[in-house]
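Thanks for coming. I have one structure to go through today, so please look at the screen while I talk.

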Amino acid sequence: MNDEYFMREAISLARAAECLGEVPVGALVVRDGVIVGRGFNSPIGESDPTAHAEIAALRDAGRNLDNYRLPGCELFVTLEPCAMCAGAILHARLARVIYGARDPKTGVHGSVVDLFAVERLNHHTEVLGGVLAEECSQMLSAFFAERRARRAP
């Protein structure tokens with residue numbers, strides 16, 4: 001199994017979010033090639049601004065591994081993390097983050113700022129962007145285009 005395999009799994013989770021009317025973002029946590037946490041966006045349904053896909057996947061992994069730290073784990077997410085999610089990723093001590101599409105409005109792996117590159121932080125997570133980027137980006141673009149079309153008179 002490789003990065004694309006796990007990103008396809010994250011895309012499946014993003015589709016689940018989309019079916020519920022949420023922005024289609026999915027995430028999963030992997031340790032030693034095994035999925036230990038899954039999540040998708042649900043802030044609307046849960047009335048919770050912190051219910052991002054990454055947070056849900058980290059919470060699931062923490063429960064499954066019985067640890068709030070997730071050393072040696074990787075997070076696969078369909079969209080570049082925001083500042084809130086990056087903070088949680090760093091606190092969880094993830095080894096690696098792999099994301100699909102860039103987020104020019106709130107992405108913090110270089111799209112707006114690069115929180116992962118701040119040297120003064122006490123933990124550093126390796127980040128790789130652009131895995132299945134076109135597929136992830138298209139899913140988001142189609143979602144928002146449909147949303148705009150529904151609002152048009």
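Which residue takes a positive phi just after α1? That is Gly-21, with a phi of about 85 degrees. Keep in mind that this is a predicted model.

Now the helix itself. Helix α1 runs over residues 3-19, which is 17 residues. From its first C-alpha to its last it reaches 25 Å, close to the 24 Å expected at 1.5 Å a residue. At its start, a side-chain oxygen of Asn-2 comes to within 3.1 Å of the backbone nitrogen of Glu-4.

Which residues of α1 are buried? They are Phe-6, Met-7, Ala-10, Ile-11, Leu-13, Ala-14 and Ala-17. Around the axis they cover an arc of only 165 degrees, so they sit on the same side of α1. As for what covers them, the list includes the strands β1 (26-31), β2 (34-40), β3 (73-79) and β4 (96-101), and also the helix α5 (133-151).

In soluble globular proteins, nonpolar side chains tend to be buried together. Here the largest nonpolar core has 39 residues, and the ones that touch the most other members are Met-7, Val-29, Leu-75 and Leu-94. Two or more residues come from each of α1, β1, α3 (53-65), β3, α4 (83-92), β4 and α5. The most comes from α1, which gives six residues.

Take Leu-75 as an example. What is Leu-75 in contact with, leaving aside its neighbours within four places in sequence? The contacts are Ala-27, Leu-28, Val-29, Glu-54, Ala-57, Ile-89, Leu-94, Arg-96, Val-97 and Ile-98. Val-29 and Leu-94, in that list, were also named among the core residues that touch the most other members.

Last, the aromatics. The count comes to three aromatic pairs. One of them is Tyr-5 with Phe-6, edge-to-face, at 5.1 Å centre to centre and 80 degrees between the planes. Tyr-5 counts as partly exposed because its relative accessibility is 37%. Phe-6, at 5%, counts as buried, because the cut-off for that is under 20%. Another pair is Phe-143 with Phe-144, edge-to-face, also with 5.1 Å between centres and 80 degrees between planes. Phe-143 is buried, with a relative accessible area of 6%, whereas Phe-144 is partly exposed at 32%.

Which residues form one aromatic cluster? Tyr-5, Phe-6 and Phe-76 do.

Definitions and conventions. Residues numbered from 1 in each chain as written. Predicted model: local features only at pLDDT ≥ 70, side-chain atom pairs only at ≥ 80, totals over all residues. Heavy atoms only, no water. Phe/Tyr/Trp six-rings, centres within 6.5 Å; stacked < 30°, edge-to-face > 60°. Buried < 20%, exposed > 50% of the residue type's maximum accessible area, 1.4 Å probe, protein only. Helix = DSSP H or I, 4+ residues; strand = E, 2+ residues; numbered from the N terminus. Expected span 1.5 Å × (residues − 1). Arc of directions from axis to C-beta. Contact = heavy atoms within 4.5 Å. Polar contact = N/O pair within 3.5 Å; in protein donor to acceptor, adjacent residues only side chain to side chain. Core = buried A, V, L, I, M, F, W, Y, C linked by side-chain atoms within 4.5 Å.
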